[in-house]
Amino acid sequence: MKAKIYITYKDGILDPQGKTVGSALDSIGLSNINNVTIGKFIEMDFDQKISVDEAKKIAEESCKKLLANPNTEKFHYEILENK
């Protein structure tokens with residue numbers, strides 16, 4: 001089982017890296033892009049014995065306590081079971 005975690009800036013928070021990339025794309029002729037946002041993507045693998053509920057709890061706590069800054073960032077995640 002694994003968690004795929006996506007972390008981005010909250011609406012209204014300046015994303016200087018995204019702004020720089022957006023400007024660079026425009027400068028090489030890739031226009032008609034309104035906004036570029038740069039975020040973080042994290043994959044977390046769990047023990048095989050863990051339940052989906054426990055995986056959700058760990059992913060949630062990891063984001064709240066360490067991975068995401070609650071003042072400037074938001075997060076969401078998905079739990080994928082091994083097949």
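Mentor: Start with lysine 65 and glutamate 61. They form a salt bridge, with the closest N and O atoms 3.5 Å apart. Keep in mind that this is a predicted model.

Trainee: Where do lysine 65 and glutamate 61 lie?

Mentor: Both are in helix α2, residues 52-67. They sit 4 residues apart, about one turn of the helix.

Trainee: Is lysine 65 buried or exposed?

Mentor: Lysine 65 is exposed, at 67% relative accessibility. Glutamate 61 is partly exposed, with a relative accessible area of 33%.

Trainee: How many salt bridges are in the whole structure?

Mentor: The search finds 7.

Trainee: OK, what does glutamate 43 pair with in a salt bridge?

Mentor: Lysine 2. Their side chains meet at 3.4 Å, N to O. Glutamate 43 is in strand β2 (residues 40-45) and lysine 2 is in strand β1 (residues 2-9), so this pair ties together parts 41 residues apart in sequence.

Trainee: And how accessible is glutamate 43?

Mentor: Partly exposed, at 41% relative accessibility. Lysine 2 is partly exposed too, with a relative accessible area of 22%.

Trainee: What about lysine 74? Which residue is its salt-bridge partner?

Mentor: Aspartate 11, with the closest N and O atoms 3.6 Å apart. This pair links distant parts of the chain. Lysine 74 is in strand β3, residues 73-80. Aspartate 11 is in the loop between β1 and α1. The two are 63 residues apart.

Trainee: Is aspartate 11 exposed or buried?

Mentor: Aspartate 11 is exposed, with a relative accessible area of 70%. Lysine 74 is partly exposed, at 38%.

Trainee: Which helix gives the most to the lining of the largest pocket?

Mentor: Helix α1, residues 16-27, which contributes 5 residues.

Trainee: How many of the lining residues are charged?

Mentor: The lining of the largest pocket has 5 charged residues, along with 9 polar and 6 nonpolar ones.

Note on methods:
Residues are numbered from 1 along each chain as its sequence is written. This is a predicted model: local features need pLDDT of at least 70, side-chain atom pairs count only at pLDDT 80 or more; totals for chains, interfaces and linings use all residues. Side-chain values use heavy atoms; hydrogens and water are left out. Ala, Val, Leu, Ile, Met, Phe, Trp, Tyr, Cys and Pro count as nonpolar, Asp, Glu, Lys and Arg as charged, and the others, Gly among them, as polar. A salt bridge is a side-chain nitrogen of Lys or Arg within 4 Å of a carboxyl oxygen of Asp or Glu. Buried means under 20% relative accessible area, exposed over 50%, partly exposed in between (1.4 Å probe, protein chains only).
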